[in-house]
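The following exercises concern the reading of a protein structure. Each task is followed by a solution in steps.

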Amino acid sequence: MLLNVATQLKEDIGSVREHKVDEEVDVFGDGRTSPVKGHVKLTRTDRGILVTGSLEARVEITCSRCLSSFTCSLEFGIEEEYFPSVDISTGARLTPTEEDTSLIISEQHILDLTEILRQNILLGIPMKPLCKELCAGLCPECGKNLNQDKCSCSPRRIDPRWSKLKSSI
C-alpha cells in the first residue's frame, strides 16, 4: 500500500490524515495474496509520519494436526514511525540514524505500508494453527485424516504403565 505524504510533510506537527485499507498482501513471498482491510491514521511528527491503525487479514495456512489448508482470520494493530529520506522544503538528502533505516519515506515522498502489514500478519499467525478447536488430526498408522472419516487401523496398544491415565479421560 503506497501513500503519497508530500503535502502532509509540509504541514504542522500534529496534522492527521486517515486512510481506508483494502489491499492484497503477499505474506509468504510465494505469490499468494491475502486480503487486508481496516483503517490507518497518519500523524505528522517532528521527525516524520506516525502510522497507527487497526486492521484485519485473512490468511490461507495449514493445520498443524491434519495438514489441511484453511483460512485464518487475524486482527492486529500497527504503530510505526516513518522517516523522510529527503527534506521536503530543500530537497536535500537526509541521513537517517541507525534506528531510522528500516522505515523510510522514499525520495518521491511515498510511504509504503506493505512490509509492515506483511510482518504484522506473520506475527499474528498462531505457532500451532488448528483448522478447528477439536481437530482429530491424522491416524499415526495409516495417515488418514480423522476429521473426514474413521480409519480401519487397530487401536494402539497402551503401555500398561500409562493405563491409569486412560481411565481419567
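**Exercise 1.** In the loop between which strands does T45 lie? Determine also whether T45 is buried or exposed, and which residues T45 touches beyond its neighbours in sequence.

*Solution.* The model examined here is a predicted one.

Step 1. T45 is located in the loop that joins β3 (34-44) to β4.

Step 2. The relative accessible area of T45 is 14%. Buried means under 20%, so T45 is classed as buried.

Step 3. When residues up to four places away in sequence are not counted, T45 touches I13, L50 and E81.

**Exercise 2.** Describe the place of I116 and its surroundings.

*Solution.* 

Step 1. I116 belongs to helix α2, which covers residues 114-124.

Step 2. With a relative accessibility of 7%, I116 counts as buried.

Step 3. Neighbours within four places in sequence are left aside; the contacts of I116 are then I78, E80, Y82 and L103.

Step 4. For one of these contacts, I78, the separation along the chain from I116 is 38 residues, while the C-alpha atoms of the two residues are 7.9 Å apart.

**Exercise 3.** How many salt bridges does a search of the whole structure find? Examine the pair formed by D22 and K37, then two further pairs.

*Solution.* 

Step 1. Side chains of opposite charge can pair when their charged atoms come close. The search of the whole structure finds six salt bridges.

Step 2. In the salt bridge between D22 and K37, the closest N and O atoms are 3.3 Å apart. This pair links distant parts of the chain, with D22 in strand β2 (residues 16-25) and K37 in strand β3, 15 residues apart.

Step 3. D22 is partly exposed, with a relative accessible area of 47%; K37 is also partly exposed, at 41%.

Step 4. R32 and D30 form a salt bridge with an N to O distance of 2.8 Å. R32 is partly exposed at 43%, and D30 is partly exposed at 42%.

Step 5. D149 and K144 form a salt bridge with an N to O distance of 3.6 Å. The relative accessible area is 43% for D149, which is partly exposed, and 35% for K144, which is partly exposed as well.

**Exercise 4.** What is the volume of the largest pocket, and which residues line it? Sort the lining by class.

*Solution.* 

Step 1. The volume of the largest pocket is about 250 Å³.

Step 2. The largest pocket is lined by C139, P140, E141, L146, K150, C151, C153, S154, P155 and R156.

Step 3. Sorted by class, the lining consists of six nonpolar residues, one polar residue and three charged residues.

Terms used:
Residues are numbered from 1 along each chain as its sequence is written. This is a predicted model: local features need pLDDT of at least 70, side-chain atom pairs count only at pLDDT 80 or more; totals for chains, interfaces and linings use all residues. Side-chain values use heavy atoms; hydrogens and water are left out. Helices (H or I, at least four residues) and strands (E, at least two) are DSSP runs, numbered from the N terminus. Buried means under 20% relative accessible area, exposed over 50%, partly exposed in between (1.4 Å probe, protein chains only). Contact means heavy atoms within 4.5 Å. On a 1 Å grid over the protein atoms alone, a cavity is a set of points where a 1.4 Å probe fits but cannot get out, and a pocket is an open set with protein on both sides within 12 Å along at least five of seven lines; lining residues have an atom within 4 Å of a point. Grid points are joined across faces, edges and corners, and a volume is the space filled by probe spheres set on the points. Ala, Val, Leu, Ile, Met, Phe, Trp, Tyr, Cys and Pro count as nonpolar, Asp, Glu, Lys and Arg as charged, and the others, Gly among them, as polar. A salt bridge is a side-chain nitrogen of Lys or Arg within 4 Å of a carboxyl oxygen of Asp or Glu.
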